[in-house]
Amino acid sequence: MIDPPPTVLETRQVTKTYPGDIRAVAGVDLILKRGQMLALAGTSGCGKTTMLKLINRLEETSGGSILYEGEDIAALDPVVLRRSIGWVMQGDGLFPHYTVAANIAIVPRLLGWDQAAIDARVREMLELVRLDFVEFADRYPDALSGGQRQRVGFARALAGKPDLLLMDEPFGALDPITRDGLQQDFMALQAQLGFSALMVTHDMAEALIMADQVAVMRDGLIVQCGTPAQLLKSPADAYVAALLDTPRRQIRRIAELEA
Amino acid sequence: MSENFAERWAELPHLLSGHVLLSLAAICVGMAISVPLGIYAAPRPRLAGSVLNIAGVIQTIPGLALLALMVPLLGGMIGYWPAFLALMLYSILPILRNTIVGLQGVDAGVREAARGLGMTPSQRLWRVELPLSLPVIVAGLRTSVVWVVGAATLATPVGASSLGNYIFAGLQTRNWLSVLFGCVFAAGLAILLDQMIRLLEIAARQRRRGLAGGVAIALGLVVGLSLLPILVPASSPASAPAASHDNSGDVPAGLAGQTISIGAKAFTEQYILAALMQDVLEEAGAVVERRDNLGSTIAYDALRSGEIDVYIDYTGTIWATVMQRPQAAQRDLMLAEMTAWLHTRDGVLTLGRLGFENAYGFAMTRARADELGVVSLADLAGLAGDLTVGGDPEVFVRSEWIGTRDAYGLGAMRTRAMDSTFMYGAVRDGQVDLISAYTTDGRIAAYDLVVLDDPAHILPPYDAVILLSARAAAMPGLAEALAPLVGAIDGDAMRGANRLVDLEHQTPAQAAAWLATRLGDE
């Protein structure tokens, strides 16, 4: 490749230590290229969610640096930084006292867009996440199914036209069929809009299917980072191999049953 | 009965507006303090714990005590401000607690989403945290409203007008319709305000502008109408003295247009004498304000600080509670020393004896006294263990009871404190054996009670005297106007007037008019 895509996000030896000398993140290097998806995979408690929160400064780093569009985020106003990064959280985190339309409009409103632009953007986002405007715009979150809520969550995260989307187990709370449909829709959406995404997941199959790069994290460290094909071909250690083994075993078992 | 109803009804605008002004101001200021304090404390668990503890301690102080404590804390000021301050403190806990609990109860995911989307702390507070905790905060506000509107009835003894005036005065004069008036209107006001706040919250939550507007207008109407007597300067009380002034040629004219505040403690005799002084002073052209139902020592503090200008007290009471003298003195010496002492320390003028004495005297039914063979307190020593003495709550901590008990060996006697209005009935019906009666009470004769002798002269004399504040003492014509009362009311006259109210259900004003016809009639 002569012209590799530019780097959107880069972390350099990032650490996070909590009081009592608990090291959640112990020196992590990551690179995310424009328009790509990087999955951060690992078992519970490996530090992947903490890593995500360090990037939009919901938590502050203890060491190392994080560069967003080439700028050190420590030098940016955290409020401005967060408005420029989309955020899809575990669970949906929708405001229960806001309608669907008002939830989607939060970031454009914070960015000071005019009302006509906000209205147009809400319509556009509902269409992109395949929810009917007339039917859903004025509903409150408690009148939505889990899958619909997560679609609104994506629409809300993308409404402010961010270059980067951070996602924490975005499909974790959904039933398998809903999850599969939403994953497909999400990949189409990313291809269409061209944003970059960092997704935290404990589901290795999800990481392999959706991401361009997969970083496997364990005890606050990256044990391997590469394309899904590289990981499948040559897992770096027994931990990575074990994580990959689960989806493989499931596929084999299903194939045997079908035969 | 219907006349009684009409009189109570006529008092309603004034008392209701006093009640509304007092309780709403207390709640509004209480809310202005507790909501911001709760917002500040909610994310700080240790601070939240401390402020809730302090507010909780204030809440456990009985309402009446909290109100009474405000008077000395404000340097003897009586009336609106001490009552307002106590009720305001009282309103804080429910609102503060619910603000803290409500904010802490906002879902952690929603809270994190608000941060993650790039809201500033104040945007998070106003757009997310407060709206989501509103139902809990409003529930606290409603509790507070019900408490404060109820507790505002206790503002009467510190001299603030409220619906409690109905209750306190009704209790003392055995006017149960008056007590009922106070209860019904105070409860009705509490329920009305509570329901209006509830509707406002529903309107806010369901975004029903019409309902919100309707309730806001109704609330404004209720508050506006009840405050009307205060907001619009009353014309009738001002014109009354002017009218009476026209046909009174021979009275000192120095008081014309002067405003004089007359205090009264919370018992029948005080209401009658205050009404009598009011008649006399209005006759002289003064504009009179009444401050009825003051607590016993609050009355003197109020005179000393100039909150009231004149009231009637008793030499023995001043001697024991204001001058703090443990031993009684001879009657004339006591009056002379008291007059000098009050004038030197507080500039208070003792105008002179009215002519009767309202002493504490220990009384039993004639039948019981005969049965026990008792004529004097000294005869009770051997029987004390089997007897119960009733009295007002004050007497058992005063030197009168303590001195009597110690001098006559009555330490084994059981004591039962009750409101003075009930003790005569209690001794008549045998619920207690003995009471600390007031010797001018008409019920001593009516119930055939005998006052036991005090051979050791423990009980001090209680000559009724007119006391004037320093300001009133300097007011030309005031002492002269009241002078005809000095030495003009003997024990029989006072007992007769008390009897008209306590037993024959006349109003204190009617009894005062009757007493006026008997002035100097010895």
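**Asp219(A) is partly exposed, with 15 other C-beta atoms within 10 Å.** The model shown here and in the views that follow is predicted. A residue is called buried at 20 or more such neighbours and exposed at 12 or fewer, so the 15 around Asp219(A) place this residue in between. Asp219(A) belongs to the loop that joins strand E9 (213-218) of chain A to strand E10 (221-226) of chain A. The phi angle of Asp219(A) is near 50°, which is a positive value in a residue other than glycine.

**Glu69(A) sits in the loop between strand E4 (63-68) and strand E5 (71-72) of chain A.** For Glu69(A), phi is near 50°, a positive value although the residue is not glycine. Is Glu69(A) buried, exposed or partly exposed? With 15 other C-beta atoms within 10 Å, Glu69(A) is partly exposed.

**Ala236(A) lies in the loop between helix H10 (228-233) and helix H11 (238-258) of chain A.** Leaving aside residues up to four places away in sequence, Ala236(A) touches Val223(A) and Gln224(A). Ala236(A) counts as partly exposed because it has 15 C-beta neighbours inside 10 Å. Leu131(A) is given for reference: Ala236(A) and Leu131(A) are separated by 105 residues in sequence and by 42 Å in space, from C-alpha to C-alpha.

**Domain 1 and domain 2 of chain A are in contact.** Chain A is divided into domain 1, with residues 1-84 and 162-227, and domain 2, with residues 97-161. The centres of the two domains, taken over C-alpha atoms, are 24 Å apart. Domain 1 of chain A gives 12 residues to the contact and domain 2 of chain A gives 14 residues. On the domain 1 side, the largest share, six residues, is provided by helix H8 (residues 176-193) of chain A. The residues of that domain 1 side comprise nine nonpolar, one polar and two charged.

**Chain A and chain B meet through 14 residues of chain A and 13 residues of chain B.** Which elements give two or more residues to the side of chain A that touches chain B? They are helix H2 (78-83) and helix H4 (106-110) of chain A. Sorted by class, this side of chain A has eight nonpolar, four polar and two charged residues.

**Helix H1 (residues 2-41) and helix H8 (residues 176-205) of chain B pack at an angle of about 40°, with 11 Å between their axes.** H1(B) is therefore oblique to H8(B). The crossing in which H1(B) passes H8(B) is right-handed. On H1(B), the residues that meet H8(B) are Asn4(B), Phe5(B), Arg8(B), Leu16(B) and His19(B). Their partners on H8(B) are Leu177(B), Ser178(B), Phe181(B), Phe185(B) and Leu189(B). By class, the contact of H1(B) with H8(B) consists of six nonpolar, three polar and one charged residues.

**H1(B) also packs with helix H9 (residues 209-231) of chain B, at an angle of about 115° and with the axes 7 Å apart.** The two helices, H1(B) and H9(B), are therefore roughly perpendicular to each other. H1(B) passes H9(B) in a left-handed crossing. H1(B) contributes Pro13(B), His14(B), Leu16(B), Ser17(B), Val20(B), Leu21(B) and Leu24(B) to the contact. H9(B) contributes Val223(B), Ser226(B), Leu227(B), Leu228(B), Pro229(B) and Ile230(B). The contact of H1(B) with H9(B) has 10 nonpolar, three polar and no charged residues. Leu16(B) of H1(B) is listed in this contact and in the contact with H8(B).

**Domain 2 and domain 3 of chain B touch each other.** The domain assignment of chain B gives domain 1 (2-231), domain 2 (239-358 + 462-517) and domain 3 (360-451). Between the centres of domain 2 and domain 3 of chain B, taken over C-alpha atoms, the separation is 28 Å. The contact joins 15 residues of domain 2 of chain B with 12 residues of domain 3 of chain B. Strand E4 (349-357) and helix H21 (491-502) of chain B are the elements that give two or more residues to the domain 2 side. H21(B) supplies the largest share of that side, six residues. The residues on the domain 2 side divide into six nonpolar, four polar and five charged.

Methods:
Residues are numbered from 1 along each chain as its sequence is written. Chains are lettered from A and ligands numbered from 1 in the order in which they are written. This is a predicted model: local features need pLDDT of at least 70, side-chain atom pairs count only at pLDDT 80 or more; totals for chains, interfaces and linings use all residues. Two residues are in contact if their C-beta atoms, placed from the backbone, lie within 7 Å. Helices (H or I, at least four residues) and strands (E, at least two) are DSSP runs, numbered from the N terminus. Ala, Val, Leu, Ile, Met, Phe, Trp, Tyr, Cys and Pro count as nonpolar, Asp, Glu, Lys and Arg as charged, and the others, Gly among them, as polar. Domain bounds come from an automatic or database domain assignment. Axes are lines fitted to C-alpha atoms, for helices over the stretch in contact, and angles run from 0 to 180 degrees between N-to-C directions. Angles under 35 degrees count as roughly parallel, over 145 as roughly antiparallel, 65 to 115 as roughly perpendicular and the rest as oblique. A crossing is left-handed if the near helix is turned anticlockwise from the far one by less than a right angle, and right-handed if clockwise.
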